[in-house]
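Please keep the sequence and the structure open alongside the text.

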Amino acid sequence: MRTLLICTTIALAPLGTPSQAYGQESEQGTTDPSEFVGNWVGSLSVGTVQLRMRFEIGESGGELTANVFSVDQGNAQVPVESVTLTGATVAIAMPIAGATFEGTLSADGNSIEGSFAQMGSTLALNLERTDAEETETRRPQDPVEPFPYLSEDVSYANPDGGHTLAGTFTRPESGGPFPTVILISGSGPQDRDEALLGHRPFLVLSDHLTRRGIAVLRFDDRGFGESTGNFATATSRDFASDVLAGVAYLKTRDDVDADAIGLAGHSEGGLIAPMVAAGSDDVAYIVLMAGPGVNGEQILYAQGELIARANGASRQAIAQNRELQRAMFAVLKAEPDVERAGAVLAELVRAALEEAGEEVRAQAGITDDATLDGAVAAQVQSVNTPWFRYFLTYEPAETIERVTVPVLAINGERDLQVPYEENLREIEAALRRGGNTEYEIHALPGLNHLFQYSDTGSPSEYQAIEETWAVEVMELIADWILETVEG
């Protein structure tokens, strides 16, 4: 589920796809280019999250070259177009990502003090020299090949959307046909592993379930990874059709038990799974992992307050953020025209930022009129979309009432993005109203939105926690699926 703290955080934009081709420019100054050569690591403070960046700076023919990686975004490579040296200052342009880095080498040659600019925001990024050629993300639960099961890259069409979805299917090496589950990711463009901040939750979960005898299909969201289609114009309802396409594909496989195909959705995926189950006779069960039971507006109010409080925001700042949220949501609900809504939203955000204290503006990377314009545009763009408009008012409980198959709903008690009390309460109430008696509801102590053990539950902790999944949660899911399909 996207963290949407209006005006108090700025999210780093997607960094694009890896590229090996880049050009170089060099303006010889007083510093020898060779003094920059080496491996450098630094961290960006992006709202509540720390993102590590790694720079490999080299030299060719007296000119500098660079490779840039976002360590905690799956070590994704950021395409570099040019490297320019002026005196002791290096400038690295990454236009595909809409980003630039500029930094000055220290006198001892062991650090570069600089800034990273992207999407109208400028953040401090100070680099330290390191002997390591790679900065590894510490994720001990990531499975390592060879796997004791079959892992197959697959693709299948969604005729409703006119695009193709790509994913990975895993199953035990022998036996079958197997009970099978489709993993449905949370909001935002996600790959088949639901990779974020160096974690690959769906890779870890699929590995665990497959070792327990359950086949798993996980896939790249439309328009992302190896899947085709347009992500930007899609809503949760459109994503439900992608899941249905996966169900249809699984039914064509001899190694899948067609009567034991289920869905496990995380966050927004927990909103999508009931949509599919309520409209298809081919779904045998669903697992809601931090899935919403109330509409998006209620979730965002609660999420904004809880995360801001966990990060030390003042009561005044929390109240101001809530009022701005209310005003923006009112515009989105009342004005269907995107351009007219965008103009009003921009006025609201600009006024709020201009009235905000220096601390809030600094967190948003606002230093001048240009960065203010960029922050306003980025905030408006994040909410004035088909997906956000749909999510804001969609009532998941009305759909959950129509789900007749077995349901497992789980939430961490330290989940600040989809708070467990109101959401589990409404999920259970909806199931009861619909007459569904085959369900289990679990509030899990100490766990955050990613089902990691966490001190506060704040998203700022996700990256630092080595654990990707609490093992007992994966065991709970596996046990429940096997008991459900065998019972």
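## Helices α4 and α9

Helix α4 (residues 296-310) and helix α9 (residues 386-393) have axes that come within 5 Å and cross at roughly 90°. The two helices are therefore roughly perpendicular to each other, a label used for angles of 65 to 115 degrees, with angles under 35 counted as roughly parallel, over 145 as roughly antiparallel and the rest as oblique. Axes are lines fitted to C-alpha atoms, for helices over the stretch in contact, and angles run from 0 to 180 degrees between N-to-C directions. Helices (H or I, at least four residues) and strands (E, at least two) are DSSP runs numbered from the N terminus.

On the α4 side, Gly296, Glu297, Ile299 and Leu300 meet Phe388, Phe391 and Leu392 of α9, contact meaning heavy atoms within 4.5 Å. By class, this contact has 5 nonpolar, 1 polar and 1 charged residues; Ala, Val, Leu, Ile, Met, Phe, Trp, Tyr, Cys and Pro count as nonpolar, Asp, Glu, Lys and Arg as charged, and the others, Gly among them, as polar.

In α9, Trp387, Phe388, Arg389, Phe391 and Leu392 are buried (under 20% relative accessible area; exposed is over 50%, partly exposed in between; 1.4 Å probe, protein chains only). The buried residues of α9 pack against α2, α3 (269-279), α4, α5 (315-334), α6 (338-355) and α8 (369-383).

## Model and confidence

The model is predicted; local features need pLDDT of at least 70, side-chain atom pairs count only at pLDDT 80 or more, and totals for chains, interfaces and linings use all residues. Residues are numbered from 1 along each chain as its sequence is written, and side-chain values use heavy atoms, with hydrogens and water left out.

The average pLDDT, the predictor's confidence in each residue from 0 to 100, is 88 for the chain, and 90% of the residues score at least 70. Over residues 2-29 the pLDDT is below 50, and this stretch has 93 contacts in the model beyond near neighbours in sequence.

## The eight-stranded sheet

An open sheet of 8 strands runs in the order β10-β11-β13-β12-β14-β15-β16-β17, with mixed pairing. β10 (149-158) and β17 (439-444) are at the edges with a single partner strand each, so one side of each has no neighbour in the sheet. On average, neighbouring strands of this sheet are turned by 20° against each other, direction ignored.

Within it, β12 (residues 178-184) and β13 pair in the parallel sense over 4 bridges; strands count as paired if DSSP finds at least two bridges between them. Thr180 stands opposite Ala215 in β13. Helix α2 packs on the sheet and touches β10, β11 (163-172), β12, β13 and β14 (256-266), its direction making about 120° with that of β10. Helix α12 (residues 471-486) lies across β12, β14, β15 (285-289), β16 (407-412) and β17, at about 165° to β15.

## Ala234

Ala234 is found in the loop between β13 (215-219) and α2 (236-250). Ala234 is buried, with a relative accessible area of 2%. Not counting residues up to four places away in sequence, Ala234 touches Arg222, Phe239 and Trp387.

## A hairpin and the whole chain

Strands β5 (residues 82-86) and β6 (residues 89-94) pair in the antiparallel sense over 5 bridges. They form a hairpin with 2 residues between them, and Gly87 in the turn has a positive phi of about 65°.

The chain has 12 helices and 17 strands. Of its 487 residues, 54% count as buried.
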